[in-house]
Amino acid sequence: MPSPLSTGHLHLSFPTHPPPRSHLPLSLLRPSHFPLAVIGIAACSQNDSLVSTFAQFNSSLLDIFPSDGIYPLARNCFVFEEGEDTNFNVGDNLPGLFILPSMMGNKKLYLGTLLADLCSQILGEFGILVKALESPMGNEYLNSTLLPTIPPLSEIPEPLNGPRKESLPPLPSHNSQPDMTKGNFALSAAPIKRTSSGPGFRPPSVASQPVRKRLSTIGVASSHARLFKVLGDLFLLSGRPEDALVWYIESLQLFKSSQDHVWHAATLEGIATVSVIESWSVGNGLQNSLNGPKEPWAETSDKLTQATALYFKSPTSEGDPNYSLLSYLYTSCVLRHSFFLFAIWSAKGWGPLALTAMLQPGPKPYLPPTLSKDGNSWAHLERLSSVSGISRGSIASILSQFHGPWLLHLGARERIAILEAASGLYACLGYRRKEAYILREVLGCILDLIVCGREEDGLSRMSSVPGTSGLGIQGMKQSSGGGWGGVGVRVSESTDGNDSILELLKYVCKVLGINLDAVKLVDVNPSGFPSSVVADESSSISYEDYDKETFENMETYGWPDLQVGVVREAVAVAEALPDFPAVAQFALSALKTLQTVLSPGDQFHLYSTSARALATARRRGDTKSVEYWSGRPVVSITLAPIPLPRLPVEKPISALQSTSSAISPILTGGTDPFLYNPRKVAFGENARVLLSLVTYNDSSVDDDDALIEHEGKFYPPAEEFVYLRATITNTSPSSQVFVMDMEMEPLEHIVSEGVLSELAVGCLESGETRQIDTAICFLSKGRFEISAEVRSYETTWSDTSRAGIGHLVAIVRSGDAENT
């Protein structure tokens, strides 16, 4: 391990979180995927206990990393003193705990020393791991399954012949990286004389005799190809790419004769990584990349192409438990290949700028100055293709291989990371529609996590958390079924992250030609008017300017069918968050800008959805509303001529003066200033009313042969319903609207069906006759009087003026009725 002040390059990556536990089978296949060390940061005062702090640090690691995993290889906790009076002295009782006194002047130098010690611990753990894998039991673990895992190193027994006493001389290090042969580290390589390095390096011959001596403790039944691959990974992580390449090539020769496609592909990825690191370490510039008939990056690209093909043809099925991990390895290899070509393309060819971009990936990768973050023209992007020798289409073609049904087998975290990286590449390449397509899938993944993670109904509460009433009622008892019987509880909905999702959604729609901001959201004051309108009424635009801004200056592009589908998705996303003002804004913006392509059913759905969303937002106390969006409701106003019967005629004012006569002059024929007066038509007998009893076959009682004959007269059957028919004839010279009121005495011995008061007759033209039948039944014998009064509509029942009246007397003997 070099001293802290020695020159060299130490590349450390600080991940924000460890990989999920489902990636544990990749611990040997891809060691770089896991954190090799963990650093804990703590601040302690005089009253704090270092022992409890260190115990808390170790317990936190057990919660993050699985107990049966081999990572992290090293763990240190840095404790900073808060006060000047503190004096901690733990000695060697707590290994891995380091104290930084508050009085220390140059803390940066001391932290660099601590990081160097941490790296030394990692290299020492590499040697212990290799020693365990070289044993027969370790090699059997390494070759047991497709993605093997190794138990804790302390559980692997020592070889029966004891530790190896012979050791091959290590390869000399030709770079400035730290020497791994010091301390407990025991990695070594075959004694091959290095004659060249770089992407095209091939060892002239691999010495077989030293290799046999090294593999004397390995079981005969298991191949040592995977062991060589792991050795190459550890050498590469240790900063010795030349030694790593030797072991990669040795394992590659063994993989060619086997069907171990996954490990074969991982070895090819390692060789491609070594070529890039060696090119960076020797400082290959742009001038060196122009020499030679073949591009210097072509062989590395071929290696990644072969690795992608090997991952793709790996013999697995959907029921295989490793299917999700294989899908992750395949998509990661495709992205690595795409990023490799993108770095060369964006840097205008192979050179230091391209190598710098390759060594700085991640969520915020290094973007060469040849690309602008605000956008690049088509001519500029094509110029990059012509200068670098790599076309945008070729990069996009390689990148498109990641998309397929295997994405569904990835976890939510891996799927979002893959889709996010792919959408960023498409954006830098200038393929905006492809970017929007991938971002729609990103939105779907994120929305699933948000909706599933929020406690919408309280059913996802942890069992360790005691249940409480959502209304804040203390001491409330739950029902036997487990729910809150009779109490409505609405859990407060979280809005964290809604704005970011909506901004991403608006960007996707903008790329596809949909403007979701066409209708603005405004704050509404208590008076019910938008605050912007109340504050400045002079800022409102005219109707002509509104039409010009809405229709004339609106640039239309995109596929209508796709736009309609995306709008539906946008409204559904805003409803699922939920963000009800955004739901109304998206729906009304679509109605405003896509009215020519939306079907009537879609327009009705969007309008009803916006109205329902605004009502919900207003009910929940939201002060946001939408601006007016529907254009000009009134196109023009024109005065139409009045029909001649309704033409106003000037009358003397004396016609409006009251007189002392008890009867209004209007009812006696005076001048009426109104077009319609119902009381006027009710004056006098303007209707004729006839009442009669008829049977069920619509025949009169007097001449129906089907009736019962008694003493020369005919009667309807007793205790049965008969019809009381009222015949009304309009005798006035104009059409009238009549209603009828009926009275029956004694009413307690008569049963009737239907309404007897305010019975609507309807509008009768002059001379028109209408019949109304009412079913009645006499319950006893005797005399019954029935009267019907017809009056004009809007005339009260107690009014003396009526249009007509009819009267009927029925005599019932022995249950029979006589019509008079």
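A charge sits over a ring if NZ of Lys or CZ of Arg is within 6 Å of the ring centre and within 35 degrees of the ring normal. Keep that rule for the last stop.

**Before you start**

This is a predicted model: local features need pLDDT of at least 70, side-chain atom pairs count only at pLDDT 80 or more, and totals for chains, interfaces and linings use all residues. Residues are numbered from 1 along each chain as its sequence is written, and side-chain values use heavy atoms, with hydrogens and water left out.

**Whole chain**

Show the chain as a cartoon. It has 22 helices and 16 strands; these are DSSP runs, helices being H or I of at least four residues and strands E of at least two, numbered from the N terminus. Of the 820 residues, 42% are buried (under 20% relative accessible area; exposed is over 50%, partly exposed in between; 1.4 Å probe, protein chains only). Contacts have heavy atoms within 4.5 Å. Among those between residues at least 6 apart in sequence, 71% join residues at least 24 apart.

**Colour by confidence**

Colour by pLDDT, the predictor's confidence in each residue, from 0 to 100. The average is 75, and 69% of the residues score at least 70. Select residues 164–220: pLDDT stays under 50 there, and the model has 108 contacts beyond four places in sequence for this stretch. Next, select 699–706. Here too pLDDT is below 50, with 17 contacts beyond near neighbours in sequence.

**The aromatic cluster**

Rings of Phe, Tyr and Trp (its six-membered ring) pair if their centres lie within 6.5 Å; planes under 30 degrees apart count as stacked, over 60 as edge-to-face and the rest as tilted. The count comes to nine aromatic pairs. Select Phe 312 and Tyr 330: this pair is tilted, 5.7 Å centre to centre, with 50 degrees between the planes. Phe 312 is in helix α9 (residues 298–312) and Tyr 330 in helix α10 (residues 323–346), 18 residues apart. Phe 312 counts as exposed, at 53% relative accessibility. Tyr 330 counts as buried, at 6%.

Trp 406 lies in the loop between α13 (392–399) and α14 (412–429), so the pair with Phe 312 of helix α9 ties together parts 94 residues apart in sequence. Trp 406 is buried, at 17% relative accessible area. Phe 312, Tyr 330 and Trp 406 form one aromatic cluster.

**Charges over rings**

Select Arg 392 and Tyr 431. Arg 392 lies over the face of Tyr 431, 4.9 Å from the ring centre. Finish at Trp 559, where Arg 433 lies over the face at 5.4 Å from the ring centre.
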